[in-house]
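This report describes a few local features of a predicted model. The sequence and the structure come first, followed by notes on selected parts.

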Amino acid sequence: DIVITSPNDDEPSIEQIGVMEEQLLSHAHVRSIAPRSYSASSLKMVGGERWIQPYRVIGIDVQKEQEVTTLRDKVIEGDFLRVNGSVNQAVVGLLVADFLVGAPYDGIRAHAGDEVTVRAGSGETKRYMISGVIDAKTFLPNLLLYVEKDEAENVLGAQKNNEVAVLLDDPLRSVVVRDQLAMLFPELTIHTSEEEAGFIQDILKAVSFISSSINQLLVFSVFLVINIVMYISVMQRRRQIGIMKSLGASSSFVVGAYLVEAFSYALIAYAFGVLFYTLLYAYSLMHPIPLLIGDFQMILNSGQMLASLVIVIFAATAGGVVPSWIAARTLIIDVLNNKV
């Protein structure tokens, strides 16, 4: 829920981490914390020639990390690091696994059981076996290589305690707790998880804007299509309309008849649309599309479906007004004289 880092790039380690942990855990709304250490290391497949640079090699205290995050639950192949497990094992994010083998985003990646060579900033290398691959559905975790915290610090030259992840008893309190911790640790940078993943919020805002634009386009499209269809219908039936009016049909009756026709077209089109969308929804549940920020699945929103029905009916009715008015002005004498 909250991430604490040092604002000093020249000295990225958080000093007096032990005292800080005691203060954090004594806070009324802090449930648990997990310090992390980062290393700027590179890696390659054993026997390979191409080195890649993950966003970071992160050293974690496995016990504390699993109390704070759900990374263990994001393993899609193999196993996550174990408490008191082998220090010769590492977990890779999905994007790192992809970059290790073949070309990026080609569907070919490293797997659990493969071995990688990690080169520290000092030039020293060590071989690790990939124990698992995780897909956290966000960019950053999928660009990391995970090893034991002591291993990162003592072997890979990681800066100690670059970051502290904080889990709260209530995520809705994150902003309030952030402000309280900022007063307690004014020398540190403290962000909520939403602020850390601000780019995802930007993406969702863009998607929301596109969705609203599609709704506006829907109104215009339905209005235009109904208008054209009804106009053609009026032109083809002008003789029948003239005869109806000569037999005493009122203009309001003619207008009403064509508005009912437009309304019927809208309902039939909406019914076909709902059926088609339901089939797509069922397919989406069985075959979600994996994206970098999550699996894309369609949803059934009854409120949105009702709003769409109202929009379609309104646009169809509005689109039928002008053709209906043209139909109501049709006179039998004009039809007989071929003036319409």
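## Helices α9 and α10

Helix α9 (residues 238-246) and helix α10 (residues 251-286) have axes that come within 10 Å and cross at roughly 140°. An angle over 145 degrees would count as roughly antiparallel, and α9 and α10 are therefore oblique to each other. The crossing in which α9 passes α10 is right-handed.

On the α9 side, the contact is made by I241, M244 and K245, which meet S251, F253, V254 and Y258 of α10. By type, the residues of this contact are 5 nonpolar, 1 polar and 1 charged.

## Helix α6

Helix α6 covers residues 174-184, and in it S174, V177, R178 and L181 are buried. Viewed down the axis of α6, the buried residues fall within an arc of 105°, so they line one face of the helix.

An α-helix has 3.6 residues a turn, so residues three or four places apart point the same way.

## The loop residue V83

V83 lies in the loop between β5 (75-78) and β6 (89-93). Is V83 buried, exposed or partly exposed? With a relative accessible area of 39%, V83 is partly exposed.

Leaving aside residues up to four places away in sequence, V83 touches V62, Q63 and Q66. I311 is 228 residues apart from V83 in sequence, and the two are 57 Å apart in space, C-alpha to C-alpha.

Conventions. Residues are numbered from 1 along each chain as its sequence is written. This is a predicted model: local features need pLDDT of at least 70, side-chain atom pairs count only at pLDDT 80 or more; totals for chains, interfaces and linings use all residues. Side-chain values use heavy atoms; hydrogens and water are left out. Buried means under 20% relative accessible area, exposed over 50%, partly exposed in between (1.4 Å probe, protein chains only). Helices (H or I, at least four residues) and strands (E, at least two) are DSSP runs, numbered from the N terminus. The arc is that of the directions from the helix axis to the C-beta atoms. Contact means heavy atoms within 4.5 Å. Axes are lines fitted to C-alpha atoms, for helices over the stretch in contact, and angles run from 0 to 180 degrees between N-to-C directions. Angles under 35 degrees count as roughly parallel, over 145 as roughly antiparallel, 65 to 115 as roughly perpendicular and the rest as oblique. A crossing is left-handed if the near helix is turned anticlockwise from the far one by less than a right angle, and right-handed if clockwise. Ala, Val, Leu, Ile, Met, Phe, Trp, Tyr, Cys and Pro count as nonpolar, Asp, Glu, Lys and Arg as charged, and the others, Gly among them, as polar.
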